[in-house]
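Here is a friendly walk through one protein model, meant to be read with the structure open beside it. Please take a look at the chain first.

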Amino acid sequence: MNLCWTEIKRKSHNIRVRLEAFSDNSGKLQLSLHEIIEWLTAKDEELSEQLPIGGDVGAVQHQRDFHQAFMEDVKSRGPFIYSVLESAQAFLAQHPFQEPDEMLPDGKELSPRRRVQNVSRSVWKQANVASDLWEKLAARCVDRHRHMERTLERLLQVQAAMEDLSHALEQADGVRDAWEPVGDLFIDSLQDHIDATKLFKEELTQVKEGMKHINDLAHQLAISDVHLSMENARALEQLNSKWKLLQGSIEERMKQLQDAHRDFGPGSQHFLSSSVQIPWERAISPNKVPYYINHQAQTTCWDHPKMTELYQALADLNNIKFSAYRTAMKLRRVQKALKCKCPC
């Protein structure tokens, strides 16, 4: 009997020692996993606070350096995290758990084996949470680094393009300011000025493409949730305003030159505008056919007013009976209208 009791005490002591060792190891492992989860959660929030990315080169370079230090801090924590996760895997391999077939009623004391399985289940959950947080944080750090590099590259392109376009537009404005008023130009030089304006417009093709490129870059940055700084946005707005103003000036200059060349050039009929008197006005249709406007009667006709009067005067002579006399009177009326002094 004494021998049996002694054996029972020995086994009970051994079980107690193993349980205490298990509790000590699992407690340290759970504490480490809890610390890792809290640290990863804090770092994830810190990474979110680094947004938004700045809208100029200096700000992005500063953010990139700060993020580089942040990544180094995260990377330095990696060996410890991997070590704890490996310890958790080894612990779960030694103490596997199974889901209980039935729920225990409240107040019922758990058996030692059930307590071990509960601890293993808790370690498994903590290890999964820590592993997921670590993978997500590492992926976010890499994505943020790539995003900053792309943003910095585009901002450098924007900065260089704005400098080049600003210089090109200043030169173009100088050419525009040197234009003489169309009214002061010689009629014979109108065609030369038209050709020069066309050539000037063609030379600005690179400026046009540059403006499109820089606006596309700004749009791409906005899509990636990066907005230009106040200084860059103001500079881009000024460039767009200058470009639109320059385009408008070129179109207006070309229109004035072409109108002057049409009205006063070698092939114009401007001198014929004085062939009619008020209230009549001579005008040219889009297909370059002249017509006449009576502002008093608000009517138009294709025939010259004097020709219309002559037609009416000739029609009035149709009442003469004899054709010879009638023809002679009409010829005489035409001679007077043409101011012919001698009869033909």
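Predicted model: local features only at pLDDT ≥ 70, side-chain atom pairs only at ≥ 80, totals over all residues.

## Confidence along the chain

The protein chain has a mean pLDDT of 81, with 83% of its residues at 70 or more.

Among the elements, helix H6 (residues 205–223) has the highest mean pLDDT, at 91, while helix H1 (residues 2–48) has the lowest, at 68. Please read residues 101–108 with care: pLDDT stays under 50 there, and the model has two contacts beyond four places in sequence for this stretch.

Helix H3 covers residues 78–94, which makes 17 residues.

Which residues of H3 are buried? They are Gly78, Ile81, Val84, Leu85, Ala88, Phe91 and Leu92. Viewed down the axis of H3, these buried residues fall within an arc of 155°, so they line one face of the helix. On the face of H3 turned away from the buried side you will find the exposed residues Pro79, Glu86, Ala93 and Gln94.

## The three-stranded sheet

Three strands form an open sheet in the order S1-S2-S3, and their pairing is antiparallel. Strand S1 (280–284) and S3 stand at the edges with a single partner strand each, so one side of each has no neighbour in the sheet. On average, neighbouring strands of this sheet are turned by 30° against each other, direction ignored.

Five bridges join S1 and S2 in the antiparallel sense. Within this part of the model, Trp280 stands opposite Asn294 in S2.

## Backbone details in the loops

Most residues other than glycine have a negative phi, and most peptide bonds are trans.

Leu51 and Pro52 are joined by a cis peptide bond, with omega about 0°. Pro52 lies in the loop between H1 and helix H2 (57–76). Asp225, which is not a glycine, has a positive phi of about 65°; its place is in the loop between H6 and helix H7 (230–264).

Gln298 also has a positive phi, near 55°, and sits in the loop between strand S2 (290–294) and strand S3 (299–301). Is Gln298 buried or exposed? Gln298 counts as exposed because its relative accessibility is 72%, where exposed means over 50%.

Key: Residues numbered from 1 in each chain as written. Heavy atoms only, no water. pLDDT = per-residue confidence, 0-100. Helix = DSSP H or I, 4+ residues; strand = E, 2+ residues; numbered from the N terminus. Contact = heavy atoms within 4.5 Å. Buried < 20%, exposed > 50% of the residue type's maximum accessible area, 1.4 Å probe, protein only. Pairing = 2+ DSSP bridges. Axes fitted to C-alpha atoms, helices over the stretch in contact; angles between N-to-C directions. Expected span 1.5 Å × (residues − 1). Arc of directions from axis to C-beta.
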